[in-house]
Structure formats: structure tokens, C-alpha cells
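Open your viewer and get ready to select residues by number. We will take a short tour, one stop at a time.

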Amino acid sequence: MNRKPLVSIIGAGMSKFGKHTGLLTRELFAEAASEAFSRCPKLQPKKDIKALFIGHMGEAYEHQGHTASTLADWAGLVGIPATRTEAACGSSGAALRSGIYAVLSGLADVVMVGGVEKMTHRTTAEVTEYLAMASDYPFEQFHGITFPGLFALMATSHMHNYGTTEEQIAKVAVKNHYHGSLNPKAHMQKEITIETVMSSRYVAWPLKLYDCSLITDGASCIILTKPELAQKYTDQPVHIIGSGQASDTIGLYERKSLSSLQATKIAAKAAYEMADIKPEQIDLAEVHDCFTFAEIMAYEDLGFCRPGEGGKLVESGETYLNGRIPVNTSGGLKAKGHPVGATGTAQTYELYLQLTDQAEKRQVKDAKIGLSQNIGGSGATAVVHIYRREK
Ligand SMILES: CC(C)(COP(=O)(O)OP(=O)(O)OC[C@H]1O[C@@H](n2cnc3c(N)ncnc32)[C@H](O)[C@@H]1OP(=O)(O)O)[C@@H](O)C(=O)NCCC(=O)NCCS
């Protein structure tokens, strides 16, 4: 707990998430970058920022590759090294790891890390096909299975092993829509009831429309520096004290269990050990609820409850804003939205707001330690970070 931070966050920004007809990824990213700069007025972006790391999943959406250099230009940073990381929906979580490597290596004192995706101008069929490219081609994609189907297989396994119910899974959606209704930047800002979820159409049994994350446009970013330089830029830095990243087999068929994500467990163990923190010490978390069931699995894999008890945890109400461990106060991928490449640093953005008391209606009282879990695809990548507020 007294561990020296790895890096410190001195600014963060996020575009409004939603449907942005007519805008390009570069314009969305410029909006996020401009907010991050305005939150750190002592920073001279062009002079101080020495590298940019961008999470972006696919060039197919906009027919635009070479994203990192494009975004460096649009953020007013042309000239600096700009690198893209791709780890499916975990792309900007992986970019954050790369940013940490850069600062810790001493190669760059200040870096920007972010992510972006523009999806809503494509049909659902096109988006589904592009997303599915992050699953195993010969044994999954080729046979027509898509991400709702893969997560439905995991949910079914959990229901079989532990008796988790469709109603428990639906409660994640009700909670995250409630949190989203308090977030002015969320894609969907409406409260729903359990009946809304239970009566919505099946997408892949047992997952229904309201169990799925939204197809969204959006961008997010953060600015990192060495802890010893943080006070030069702000008196409210947020410190990253633990970082873990892990991989798993891309195909579900090769995994020992479908009821948990091994990569999350490995990444979480590394992050907890680095931070010298136990799961009970986490005050709030942003986790990867690409499907509501994935949040239940995350509770268990991150140690917020025992294996098999995730359904009971959401039912208890303890993961609500005023509960023991609030999860996805931003609205999560379910209500805030899931512009895949932007999701990892959007989670960090929410924790930055929370740990600097700027989360307004959804502020968690006395939050000191936060955790983010960002996964790629069906969990072949997982990235976990632990954050601490300035004392
Ligand atoms: C669930 C899904 C298939 C729905 O797409 P769709 O059937 O084409 O739905 P539409 O876009 O036609 O929207 C129909 C209605 O449902 C709503 N809607 C769409 N997706 C929704 C979602 N995920 N949750 C709640 N409502 C949703 C729309 O707002 C629209 O409402 P309206 O009629 O009041 O305007 C799509 O959102 C999806 O694929 N989500 C998962 C994305 C994903 O896999 N991400 C990566 C995870 S690893």
C-alpha cells in the first residue's frame, strides 16, 4: 500500500460517447485531447508530451489505418513518436501498459495514452463481422459464432456450474443503466427495470438485447508522467500503483474453464502484488461488462467475491454507487457505451474523475483506491490497473 507509484495521471479527457454522425475518429480524439489539456493548464502539450500511445481496434470501420500518427496530428502533437496498440476491445488498456513502459524506462517523462473507435455508421452486421475478427478464425469465426455467442457460452457454463440465473445477470444491466443515467457523457442515459431486460429479445441465449454493450462512437485519453514530476503539473494527480497484463488462448475450445477468465486472474494477481493491495481494499472498479454476464465473472476473477458468487453479489446491491464496492459508476460498456478501442482509457478517465472528486452526481464518497479491468475479445487479453488518489 505504501508502494511508490509507477506513474501519475495529470490529466484526462473523453468525448461524449454515442452516435456521432458525420464525425471522424480524429475529430472525436481531438475533443478528448482538448479536455485532457484543459484539465492540466500547466502542461504545454506540444513541448512537454514526448510520445503518444493509441488503442484502436480496426481500420475497417472508417477505411483508415495508421491511426496513431493521424491522431497525434489532430491533437496538435505532430512530430512526436506515435504508436498504435491493438488488442481488440483491450486496445487502450494495452496502450496504457505501453505508456507506463515508456515513462518507467526513462525514454519519455510525459506521454499521452488514449483510444478511439467510430462504429455507428456501419450496420450491425458489419460491426459484428469486424468485431468477430478478434476471435479464432478457423474454429470460431469460420463457423459463424460471434461475440454475443461466445459470451453466451461462458454464461451458460456459469449457470450450469453455479446456478447463476438470467435475472441475476439482468441485474447488472439495471445497475449500469442507473449509473449511466447519472453520467452526462454516457451513450444511454436512461434507467431501466428488470422487466425491460427480461422482456427484451434474445440475441444469444441466455443473453438478451439489454445484456449487450452498445455499439458506440467515442474517444478517451489520459496524460501520464513520472510521480516525481506530477506536482509540477497539478496538485491533484492520480497515481497508478499496480499494473498487470496477461494473455490466454484465443479460442474458447482450448480453455480449461468457461466460467472464468484466466487472463484476468493472472493480470489481477500481478497488479495486486505490485500495489501491495488486497481485493477488499478496492473502493470502486470499472470492469469490462461487454456483456452483463462478463461483469459477474469479473467480480469473481478480481476477488470481489468467491467463485460462483458473482450473481449473489450483484443481487445484494453492493456494487451500486452507494454500496460496499461500486462497480461501473460510469454506466460501464452497457450504458456508457463501448467504442472498443476507447474503452480501456475511458475506464481510467472515470477513475481519474472519481479519485479527484470530479464525478459529480455519481461521486463515490471517500474513494481512495480504484481498479480497472479491460479485456480483449473473449479474454485472450486482460489488463488490470490499480489507482490511488493523492493523499
Ligand atoms: C445487441 C445488438 C446486436 C443490437 O443491435 P440491433 O439488433 O441492430 O439493434 P438496433 O441498432 O437496430 O437497435 C434497435 C433498438 O435497440 C436499441 N439498442 C441497440 N443495442 C442495444 C443494446 N446493446 N442495449 C440496449 N438497447 C439497444 C436501440 O437504441 C434501438 O432502440 P429504438 O428502437 O428505441 O431506437 C448490438 O448492440 C450489438 O451487437 N452489441 C454488442 C456489441 C459487441 O459485441 N461488442 C464487443 C463485445 S466483445
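Start with Pro-206, in the loop between strand 5 (202–204) and strand 6 (207–208). Keep in mind that this is a predicted model. A cis peptide bond joins Trp-205 and Pro-206, with omega at about 5 degrees. Most peptide bonds are trans.

Next, select His-66. Look for this residue in the loop between strand 2 (51–55) and helix 3 (67–74). The phi of His-66 is positive, near 55 degrees, and the residue is not glycine. Most residues other than glycine have a negative phi.

Now show the ligand. Which residues come nearest? Of the 16 residues around the ligand, they are Thr-124, Arg-201, Cys-212, Ser-213 and Lys-334. Zoom in on Arg-201: one of its polar side-chain atoms lies 3.1 Å from a ligand oxygen atom. Then go to Lys-334, where a side-chain N or O atom is 3.0 Å from a nitrogen atom of the ligand. At Leu-209, look at the backbone instead: an N or O atom there lies 3.4 Å from a ligand nitrogen atom. On its own, the ligand has 920 Å² of accessible area, and the protein covers 64% of it.

Last stop: select helix 7 (residues 166–180) and helix 11 (residues 292–301). Their axes come within 8 Å and cross at roughly 100 degrees. The two helices are therefore roughly perpendicular to each other. Show the side chains at the contact. Helix 7 brings residues including Ile-169, Val-172 and Lys-175, and helix 11 brings residues including Phe-293, Glu-295 and Tyr-299. By class, this contact has 6 nonpolar, 3 polar and 2 charged residues.

How values were computed:
Residues are numbered from 1 along each chain as its sequence is written. This is a predicted model: local features need pLDDT of at least 70, side-chain atom pairs count only at pLDDT 80 or more; totals for chains, interfaces and linings use all residues. Side-chain values use heavy atoms; hydrogens and water are left out. Axes are lines fitted to C-alpha atoms, for helices over the stretch in contact, and angles run from 0 to 180 degrees between N-to-C directions. Helices (H or I, at least four residues) and strands (E, at least two) are DSSP runs, numbered from the N terminus. Angles under 35 degrees count as roughly parallel, over 145 as roughly antiparallel, 65 to 115 as roughly perpendicular and the rest as oblique. Contact means heavy atoms within 4.5 Å. Ala, Val, Leu, Ile, Met, Phe, Trp, Tyr, Cys and Pro count as nonpolar, Asp, Glu, Lys and Arg as charged, and the others, Gly among them, as polar. A residue is near a molecule or strand if one of its heavy atoms lies within 4 Å of it. A polar contact is a pair of N or O atoms within 3.5 Å; within protein, one must be able to donate a hydrogen and the other to accept it, and residues adjacent in sequence count only if both atoms are side-chain atoms. Accessible areas come from the Shrake-Rupley method with a 1.4 Å probe; for residues, only the protein chains shown count as cover.
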